[in-house]
Every structure is written in C-alpha cells, then in structure tokens.
Amino acid sequence: MKRSIALLTPWYGPECTGGAESLARELAERLSVENKVTILTTTSRSFLHDWDKDFHKAGRSKEGSKDVLRFRVRRRDRRIFNDLNTSLLELPQERWGEVARSRSFTDPFIENSINSPDLENYLARESASHYDAVLALPYLYGVVVRGIAAASGPVHLVPCLHDEAYARIPHIEDAFHKARTLLFNSAGEAALAKQLYGPGILHKSHIVGTGVPPAGEAGPLPPIATSPYYLFLGRRAPEKGLDLLLEAFQRSRGNGHGREIALILAGPGERSYSDPDRGIHDLGFVDEATKRALLRDALALASPSKNESYSRVLMEAWREHTPVIAHADCLATATAVRESRGGLVAGTSDEWTRALNAMHSMEAVSRQAMGASGAEYAAENADWDKALARLRDAIGIEQAASPAPKRGKRIDQVLEAVDEGDAITQQARRIRDRLRDIGYDSNIYATSIPPGVSDAHSLVQSSVSGADALILHHSIGSNAADAVLKARCRKAMVYHNITPARFFAPYAPDVAAQLEQGREQLAASVQKFDILIGASDYNARELVALGAKNVRTLPVVPDLNRFDRTPADGSIRLRRGTTWLFVGRIVPNKGIKALIEAFAAYLRFDDSASLVVLGKFDGGDAYYSELRRSVAEYNIRPYVTFTGYMEDDSVVGKYRSADVFVCLSEHEGFCVPLVEAMFFDVPIVAKALTAVPETLGPAGLILEPGADAFDVAAAVWEVVTNAKVRRTILEAQRERREAFLAEKIDPLIDALGADLIAY
C-alpha cells in the first residue's frame with residue numbers, strides 16, 4: 001500500500017536551486033516512486049524573490065505524479081527582518097550564545113520571515129489525518145518553524161543545519177524539540193545539533209545521509225588544467241571560506257612549495273578571482289562534464305567553508321578517488337574526512353598552508369589511498385537508495401515490525417518511594433519499559449507516591465502476589481523490602497547503596513535510623529534473593545562482601561528524553577566569569593560544604609565566577625541552614641545560588657550554562673548527574689570517592705580523595721583556562737558516556753528477565 005507523504009518547504013519550483021530546495025525536489029521525486037507525495041509550500045517565487053509576494057497561484061496543481069499544494073504568503077515588515085538579519089550576521093561568533101537568551105529580540109525574525117497562516121491552519125486541521133508522514137526542510141524559515149508548531153500530527157525535520165547565529169534562535173530550537181524525528185544529512189550535522197540543543201534530541205536523531213546524482217561522462221579538461229592543481233568547487237564567495245584558501249595558497253607558493261601548482265576555482269559567483277601570475281584560475285560556472293573532469297584529475301578538493309550541513313562536492317570528489325582538505329571547524333565536512341580518512345582537515349591559515357604543502361609533498365600512492373578511503377565512505381553515505389532506506393526506517397513508513405510476542409509472564413518492581421528526577425525511579429522505569437518491549441507484563445509499585453506520578457501503583461501485599469518474579473530496589477530501610485520477601489516467587493534485588501548513617505546523624509536522626517534499618521535489612525536478606533544486582537561495581541562488591549553469590553551489575557540509564565525541550569526563559573546565563581554547577585539533593589553526604597569552600601578559594605582566581613547548586617532542599621533543614629551560614633562566613637552570598645527543585649526546561653538551561661561540573665560528594669552509589677554532565681559536554685572535576693571513579697572511568701579530571709579546597713580550585717582553573725586540557729577531558733567524556741546508552745544496557749535487562757523466569 002502506498003503511503004501518503006507530505007514535504008513542507010518554503011519554496012518549490014524550477015527557479016528554486018539552493019541546496020535545501022534541490023534536496024526537497026530530489027526527495028519528492030524519489031519518494032514519489034513508491035509513495036503518494038504532496039508538496040506543501042507557498043505561492044512565493046523563490047528565495048531570491050520577494051518572500052511576501054504571491055507569484056504562483058494558490059491551490060493544488062500536478063507535477064508528474066506529485067501534488068503541489070500552495071498557500072498564500074503573509075505580508076511582512078521587511079525593515080524589521082533585514083535589521084535583525086544584519087544584527088545576527090554581524091554578531092561575533094563568541095557572542096552567538098547570547099541569541100539563545102533573547103526570545104523577545106529574535107521572535108520578530110521568525111514572525112517577519114516567509115510565513116503562511118493558511119498553510120499553518122491546514123497543517124493544524126489536516127496533517128494528522130491526511131498524511132502518514134510530514135517531512136519539513138530546511139530549519140531556518142517561518143513556514144517550517146511555525147508549521148511544525150501548528151501541525152496536528154508529527155513532523156519529521158530535515159534541518160540542513162549550519163553552525164551560525166540563526167541556529168541559536170529559541171523559536172527555531174522549539175522546532176527541533178517539537179519535531180518527531182530529526183533526519184540529518186551527515187554525522188557532523190547531527191553532532192552540531194546535539195551540541196546546540198542538548199542530549200534530549202539523541203533518541204530521535206537519525207543520520208540518514210543523502211545522495212549525489214549519478215556521474216555522467218567526463219568532458220575534456222580546460223587548457224589551464226595541464227599542471228597539477230587544487231580545486232575549489234562551489235559558490236565563489238567570502239562566506240564559503242574562499243579568502244582563507246586564497247591566502248593559504250599564496251603562502252604555500254611563497255614558501256617555495258609547488259610554485260608550479262595552480263588553484264582552480266569553479267562555480268557561481270559575482271566576481272572573478274582569476275590571477276594567473278599567482279597561479280589562480282577562476283573558471284566561473286562549469287557544466288557537469290567539465291566538473292567531473294576537474295574532480296578526477298585534481299590533487300585534492302579544497303573545501304574551506306565552515307558552514308555546511310553536508311557537502312555534495314566532497315562525495316563527488318571521493319567518487320572520483322580524489323582526496324579532500326576540509327575546514328576543521330565545519331563539523332559536517334571535518335567529521336566526514338576524519339571518519340573516512342579521505343583527506344586532511346585544517347583550521348587556521350597556517351594549518352591550511354601546511355595542509356596544502358603536505359598534500360603536494362605526499363607520495364602519489366598515499367593520495368590515492370586517501371581517495372580510495374573516501375570512495376568507500378561515499379559509497380555508503382552518498383547513495384540515494386541507502387539514504388532513502390534509512391529515512392523510511394527512521395520515520396516509520398517501512399513495514400512495521402511485529403510486536404514482541406506476549407510471554408504470559410509478569411515481572412514487577414517494588415520501591416520504597418518514587419519521585420520525579422530520582423535516579424532509582426529512572427532506573428525502575430527503564431527496566432519496566434524494556435521488559436514490556438520484550439513481551440513481559442510489568443508494573444512499578446511503591447509505598448510512597450507523590451501527587452502527579454501516574455505510572456506507579458500503591459504497594460499492598462496483594463498487589464504483587466500474582467507476579468511471576470519481583471525486583472526490589474533497595475537504598476534505605478523500607479516496608480517494601482518486607483513485602484517482596486513475603487512473596488512466593490523468584491526475586492531480584494537492585495542495590496543502589498545505602499548512605500552511611502553518620503552523615504545524617506547530626507542533622508536528621510530519623511533519617512539516620514532509617515539508613516541503619518536499611519543496612520540491617522540488607523545483611524539479613526541478601527541470601528534470600530535469587531539474583532543480586534549492583535547499580536555499579538562498587539555496589540556489587542558490597543553485596544559480595546555480605547555473602548551474595550549470584551551478583552551482577554546493571555548501570556543506570558539516564559532519562560535523557562526529559563531534556564528534549566528548549567531552556568526556560570532566564571535559565572541560560574550570559575558568560576562573564578566561570579559557572580560551577582553541581583546537581584544533586586542538598587544532603588550531608590554530597591560534599592556541598594567542601595564545594596562551597598573550594599569555590600570560595602576559586603574566587604581568588606576569578607572574582608566574577610558563580611556557583612549553582614541544583615537540587616531539592618528543605619528550607620528548615622539543619623544541614624541546609626549550616627550551608628547558608630558557611631556561604632555567609634565566606635562572604636560569597638552574591639555568587640552562590642541554591643536553586644531548589646527545578647522543572648526540566650530549567651535544568652537544561654543550567655547544564656547548558658555551566659563551564660564545569662564539580663562533584664566533591666563523599667558517598668555515591670552511582671551518581672547519575674555525572675553521566676548527564678557528560679552528555680551535556682560539561683567537563684567534570686570530581687574527587688575519587690566511592691562509586692564516582694567507576695562512573696567516570698577514564699573521563700573527567702579526578703582528584704585524590706584528600707584534595708583540599710585549593711587543589712579543587714586549581715583544577716577547575718586548569719580546566720577552564722587550558723583549552724587542550726578541556727578538549728582532552730571532553731573527548732574522554734564523549735567516549736565514556738557511550739557506555740550508558742540504552743542499547744548498551746538493554747541486553748543486560750533482557751538477560752535479567754530471562755534468568756528470573758527461567759525456573
């Protein structure tokens with residue numbers, strides 16, 4: 001059965017020749033072979049014409065097998081748009097982050113972009129019922145941004161994202177979070193989106209790639225291409241990095257490297273850069289046959305642009321087995337070059353000069369090997385059939401997979417308490433959802449459930465009596481443990497560790513007593529469970545020490561989906577001094593008093609720094625009162641913020657504002673915020689206490705347990721000021737965080753379910 005697919009795009013027609021417009025036409029053409037395709041667009045003529053003039057007739061028309069449905073454009077204030085556009089274009093890159101805080105400033109940019117209220121109303125009325133899928137591209141324009149917001153059904157965004165000030169506009173970020181899926185043209189584009197919008201988008205991000213047209217016959221080379229040459233192919237303009245390339249090329253020749261080598265430019269542009277005496281030949285626009293001949297015989301394709309979401313000419317060069325030099329600051333092209341090993345990357349003018357020299361000096365066989373590696377990469381990532389298969393799978397228009405067969409078995413979980421944002425609750429939900437995915441019935445029961453939590457049930461003995469197996473989450477003295485032990489079925493315990501009572505005894509004796517009770521219950525019951533599970537190896541070792549036999553480790557999978565949202569207004573801080581962040585409950589074992597002392601020491605280095613402690617507290621709690629006194633004694637009240645509980649959109653803002661995550665906690669059984677910080681690309685400084693070193697692995701900057709306040713302050717200063725150290729930490733964290741993705745943990749849950757039922 002043919003699926004009905006709509007493509008939402010601002011312009012559509014033969015005059016729409018930009019990269020995103022061409023991609024929209026290519027997608028429409030190829031998807032229409034097996035699906036019913038409708039293009040939802042405006043009556044505007046093209047990007048190069050007036051955006052608020054109705055050129056085409058509104059209504060439905062036919063283009064081959066495709067329907068084109070056009071909607072009238074809304075009049076706009078061009079002066080407001082042009083002024084804002086100029087401001088955004090002129091904003092220095094180091095200030096781009098300010099855009100994310102300026103909704104009142106940037107919303108008029110979208111309001112006065114190309115918009116169509118009629119199209120928005122149509123999407124609100126009809127998108128859910130008329131189409132199996134709606135694809136929208138590109139990310140930048142009002143038609144797409146407001147259309148995604150208005151649609152009654154899910155919209156799949158093909159962003160064609162660039163690293164530019166526009167990408168930080170809050171209204172645009174809203175669209176990324178509202179979209180059902182994000183379909184990226186390259187791995188670098190996906191990495192950029194994650195950097196900009198946080199780890200909440202990971203679950204719906206798909207790298208589908210795109211294709212390049214079949215190669216035609218190569219024509220004859222132009223006469224000027226008789227000597228060795230580098231090739232620049234594309235729009236000849238400064239924003240494409242052309243000035244950088246020209247400068248580096250001249251420096252290369254001036255240093256005596258390859259004075260016989262030429263630089264050939266080909267592509268559209270408003271002026272000629274030809275300077276034959278300096279080895280530069282500007283051919284202007286060339287036909288496809290000439291382009292292929294130039295690509296085939298070039299020493300290398302030079303791609304100095306920093307603003308690409310995907311580079312078709314890179315793939316075309318690799319198809320000809322020609323290596324590439326790409327800009328190191330363009331994630332899309334640099335990531336492709338690094339992953340493929342199909343060339344070199346360079347950032348500064350000096351680096352570009354060295355790259356040109358290296359490519360010229362390289363043995364021909366080495367250049368050929370680079371080109372061959374690039375060709376393998378292009379065969380996978382520039383093939384339309386493969387790209388469309390990935391796209392169909394991502395948006396769910398392939399044949400739906402059959403649901404897992406029901407196993408007729410029930411595995412329930414029992415907690416003392418559930419709470420939003422709590423790591424134990426997060427893990428219980430993850431286990432429940434996975435067990436359901438693989439065919440088990442599964443519910444969560446708890447003795448304490450706060451208002452607003454609807455996915456957990458109140459625990460009574462009868463509620464778990466029908467389960468085939470039970471999983472108890474243990475971290476404190478509880479009635480829940482007794483209920484599980486009385487049940488007549490297979491049992492597992494997930495041990496999250498119990499905070500030593502000594503931390504709480506001076507402040508909350510009742511909590512200390514409950515912790516002692518929990519340890520007594522653990523010691524008395526550990527032999528009564530069929531399977532024992534530590535949320536970390538640190539926890540598992542404690543179980544083994546108590547005599548447990550069947551012990552395994554099941555790390556916590558952080559709930560990153562809750563971060564799929566735009567930061568709350570005011571939650572992102574403008575950078576002045578360094579922002580320290582710690583996330584966790586305000587309780588005695590978290591080392592917050594030591595954190596305050598270390599931060600006070602750091603203010604000697606940076607008197608504009610700030611400390612944000614994000615976590616629940618009771619204003620009347622004795623420990624919290626002691627912390628406030630400590631802040632007052634150090635005379636740092638203006639610099640320290642205890643946020644209390646925050647909604648997820650504010651938590652996102654705090655993570656994205658942080659320069660460093662500092663954890664001096666004295667007792668952790670796992671520490672989920674460390675993993676969250678890794679996914680938010682916040683470098684971590686932590687003490688090597690309890691489970692913290694295990695959770696971090698080789699990542700973060702880990703200090704000795706006895707490190708004092710000045711040791712911590714000096715470590716933070718090094719992370720903040722030493723770019724090499726910071727980069728090394730972040731690279732290690734990016735590798736380490738992969739261990740906590742669902743696909744790594746799900747097989748462990750599958751095995752747990754099978755072992756509980758296998759009796």
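How many aromatic pairs does a search of the whole structure find? The search finds 27, where rings of Phe, Tyr and Trp (its six-membered ring) pair if their centres lie within 6.5 Å, with planes under 30 degrees apart counted as stacked, over 60 as edge-to-face and the rest as tilted. This is a predicted model, in which local features need pLDDT of at least 70 and side-chain atom pairs count only at pLDDT 80 or more, while totals for chains, interfaces and linings use all residues. Residues are numbered from 1 along each chain as its sequence is written, and side-chain values use heavy atoms, with hydrogens and water left out.

View 1. F47 sits in the loop between β2 and β3 and Y141 in the loop between β5 and α5, so the pair ties together parts 94 residues apart in sequence (helices, H or I, of at least four residues and strands, E, of at least two are DSSP runs, numbered from the N terminus). Y141 is buried at 13% relative accessible area, whereas F47 is partly exposed at 38% (buried is under 20%, exposed over 50%, partly exposed in between; 1.4 Å probe, protein chains only).

**View 2. W51 and F81 form another edge-to-face pair.** Their centres lie 5.4 Å apart, with planes at 65°. Both are buried, W51 at 8% and F81 at 6%. The charged end of R76 sits over the ring of F81, 5.0 Å from its centre (CZ of Arg or NZ of Lys within 6 Å of the ring centre and within 35 degrees of the ring normal).

**View 3. One aromatic cluster brings these rings together.** Its members are W11, F47, W51, F81, F109, Y141 and Y166.
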